[in-house]
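I opened this notebook to keep track of what I looked up, entry by entry.

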Amino acid sequence: MIIRADLHVHSLASADGSSTTRQLAAQAKARGLAAIAVTDHDVCTPLPERSDVLLIPAVELSTDRGHVLGLFLQRPISGEFLRGYPPLDACVAEIRRCGGAAVLAHPFAPQKLEQRELQSLSLDAVETANARAALRPGANEKANALANAMGLPSTGGSDAHSAREIANAYTEFDAENCTLDALREALLAGRCRAVLQTPCRWRDKGRSRLQKDRRMGGFSNILRARIYQIACVFRDILHI
């Protein structure tokens with residue numbers, strides 16, 4: 001059976017997130033998804049026991065060479081990997097130690113490594129359909145080419161920072177049922193397909209930037225975020 005899951009979603013536990021886990025799950029159900037991965041920035045967010053959709057324990061780690069998603073975690077990531085910018089290879093090893101799958105997130109938005117360096121990495125999959133990365137021309141296409149060159153599965157995720165962005169991109173799994181074990185097995189076996197439904201709007205990026213800077217506090221931070229938000233609105237209007 002085909003199961004749709006958004007494998008890159010942020011909740012209020014991320015500094016730039018604006019929706020609760022329950023709000024994200026409710027929106028996912030309304031948009032026909034069976035599962036979402038809660039990939040908050042450098043924190044393993046506790047998940048409700050009951051939900052409208054399957055909640056996949058996950059994290060997005062900030063490494064010295066870009067971001068990596070840890071999906072299907074069976075236990076929380078050690079604290080040393082949740083601060084600073086630890087080595088990417090060490091983060092991948094930690095994700096696997098915790099029972100998870102390591103997925104390179106939006107590798108070309110922005111690009112942190114050269115193609116040769118990227119292809120030398122040990123990973124389980126590459127995110128090739130990211131709705132926010134779609135704002136950077138060619139980023140998802142380059143990620144797809146990278147996945148093909150490395151012989152790795154492709155995943156899709158909205159990179160939602162609010163419920164309204166859920167399902168902008170997602171992953172289609174060919175799995176027997178919608179359980180953590182079944183979806184993890186399908187991912188590692190390559191029985192999945194990345195789907196970009198709708199590119200993120202610039203104004204959504206502006207809102208998440210403002211959310212983050214409001215939490216940081218300080219007049220100058222909030223002012224810069226407001227200016228960026230206005231610029232994002234104009235980018236949507238002018239389609240640039």
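Which residues are linked with Asp204 in a network of salt bridges? I found that the network joins Asp204 to Arg164, Arg201 and Arg207; I keep in mind throughout that this is a predicted model.

I looked up the pair Asp204 and Arg164, whose closest N and O atoms are 2.8 Å apart in a salt bridge. Asp204 belongs to helix H6 (residues 202–216), whereas Arg164 sits in the loop between strand S7 (154–157) and strand S8 (169–174), so that the pair links distant parts of the chain, 40 residues apart. I noted Asp204 as buried because its relative accessible area is 5%, under the 20% limit, while Arg164, at 38%, counts as partly exposed.

I recorded Arg96 as partly exposed at 33% and Asp124 as buried at 16%. Asp89 forms a salt bridge with Arg65, with 3.3 Å between the closest N and O atoms, and this pair links helix H2 (residues 88–97) to the loop between S3 and strand S4 (66–71).

I then turned to Asp16, which is in the loop between strand S1 (2–9) and helix H1 (21–30). Asp16 is buried yet has no salt bridge, and Lys212, the nearest side chain of opposite charge, is 5.5 Å away, which I set against the 4 Å cut-off for a salt bridge. What I did find is a polar contact of 3.2 Å between the side chains of Asp16 and His161; among the other residues that Asp16 touches are His41, Ser208 and Gln211.

In H1, I listed Thr21, Leu24, Ala25 and Ala28 as buried; they cover an arc of only 95° around the axis, which puts them on the same side of H1. These buried residues pack against S1, strand S2 (35–38) and strand S3 (54–63), while the face turned away carries the exposed residues Arg22 and Ala30. In helix H5 (residues 180–188), I listed Ala182, Leu183, Ala186 and Leu187 as buried; they fall within an arc of 135° and so line one face of the helix.

Technical notes: Residues numbered from 1 in each chain as written. Predicted model: local features only at pLDDT ≥ 70, side-chain atom pairs only at ≥ 80, totals over all residues. Heavy atoms only, no water. Helix = DSSP H or I, 4+ residues; strand = E, 2+ residues; numbered from the N terminus. Buried < 20%, exposed > 50% of the residue type's maximum accessible area, 1.4 Å probe, protein only. Lys, Arg positive; Asp, Glu negative; His and termini not counted. Polar contact = N/O pair within 3.5 Å; in protein donor to acceptor, adjacent residues only side chain to side chain. Contact = heavy atoms within 4.5 Å. Arc of directions from axis to C-beta. Lists of a residue's contacts leave out its neighbours within four places in sequence.
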